Amino acid sequence: MNRRRTRLPLRLAAWLATPILAGCSDTPERGPEFTPVQDWVTEPDYEFGDTMEGDAVFGSVTDVNVHSSADGLRVYVLDGRSSEVTIWTPDGTLIRRVGRDGPGPGEFQRPVDLVVLQDRFHVSDERRFTTFALDGEFLRTNMVPLSMSWRGFRLRHQALFADGSVVATPIVPTRIMAGSMGDDPVDVLPAVRVFREGSAWALDTLALISYRNWVVPFRVPGETLPANLTQEWVVPDSFRPDPVSGHVIVARIEAVPPGTIELIEISLGGDTVWTRQVRLPPMPIGEDEAEAIVLQRAAAFASWGGDSIPSPSLRRRVRDAIVVPEAWPVTRGIRVMPNGEIWFRAAKSDVPGVWYAVPRADGDGPVRRITLPESFNPRDVTETHVWGERRDELGIEYVVGRRMIAASEGI
């Protein structure tokens, strides 16, 4: 029989017992103490893709990781459409192709993630983790325990750690989370560690992820069951495992003062390793922005009944159901970069393409504010470059390395 254990970091258990109000804070009123930022810009350096007679044609770039070896920098690209990893030099010379679509050893079925470690890399798909040496030699396959579940809900396996354990989150239908099926809404979901204990598998709770007020039931005339109304400005906690450090990161976005994100690093043993709040100037939500969202949601519900324009009463009901805090959330999610920084994109900014990079170090020092092209999607960071992919106006994807420069140094 599987054994379920629950051990919550004390900090997480404490805030879960506190009421969460969008845009509210219990801190005394005083002048804002914003986190200092250092501005960075980037310039093009490396790019490969769309080589019609060569090797650099990508179907769907799912992930990009880089690794520094004795032979120089290597760029690992996971292509979800072709179910393969390709290994490149930064100038676009193909070194090796690894994997293909299929259920066998060294093959992938709908791969979703690539993690490059110091001596190996692995690819995760819907039911396993496949590990290779850095040169592409197949090493092993770790099957995920499909029989494990949380309260009967299947688990989404997100990361494989060095001890063989897997970090996962439950897959709960939105209707159940909203309470549309008659039960209470699901406000919190666990992030769990799945590990072997003797001959059986066990679950251990690492963190609790808040989804409070994120989605609510909404009655649409003529429909038996309520529809789901997803809130525009209520953002669930962001959760990211980090196999490089062996820890996981939780970002609280909604249950903190306006303009704030709280980052919590947790070990696989459930202990809080590091925490920090980053506070940026809040971006107020304008009445025109709120009305635009009301019209968008109301129009979608009206279309269910074949109407192209929502009625005034429907718009009022939608307006009453939508939570409009005083400011935009800082971000809608985080990324954990192998260089030790946590990156997040500004949910609202006067300058498009603004990302923030927070070092995982003690203290309240400055964070980097990096302006990137809107078409560029960052995936990995070295000391000098940010790597990722971009898609041009024709939908063609390129793997790109952009040099990062402190704005004070100029380009």
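Author: Happy to! Axes here are lines fitted to C-alpha atoms, for helices over the stretch in contact, and angles run from 0 to 180 degrees between N-to-C directions. Helices are DSSP runs of H or I with at least four residues, numbered from the N terminus. The model is a predicted one, where local features need pLDDT of at least 70, side-chain atom pairs count only at pLDDT 80 or more, and totals for chains, interfaces and linings use all residues. Residues are numbered from 1 along each chain as its sequence is written, and side-chain values use heavy atoms, leaving out hydrogens and water.

Now to the pair itself. Helix 3 spans residues 287-304 and helix 4 spans residues 312-321; their axes come within 9 Å and cross at roughly 120°. Angles under 35 degrees count as roughly parallel, over 145 as roughly antiparallel, 65 to 115 as roughly perpendicular and the rest as oblique, so helix 3 and helix 4 are oblique to each other.

Which residues make the contact (heavy atoms within 4.5 Å)? From helix 3 come Glu 287, Glu 291, Val 294, Leu 295, Arg 297, Ala 298, Phe 301 and Ala 302, while helix 4 brings Leu 314, Arg 315, Val 318 and Arg 319. Sorted by class, this contact has 7 nonpolar, no polar and 5 charged residues. For that sorting, Ala, Val, Leu, Ile, Met, Phe, Trp, Tyr, Cys and Pro are nonpolar, Asp, Glu, Lys and Arg are charged, and the others, Gly among them, are polar.

Definitions and conventions:
Helices (H or I, at least four residues) and strands (E, at least two) are DSSP runs, numbered from the N terminus. Contact means heavy atoms within 4.5 Å.
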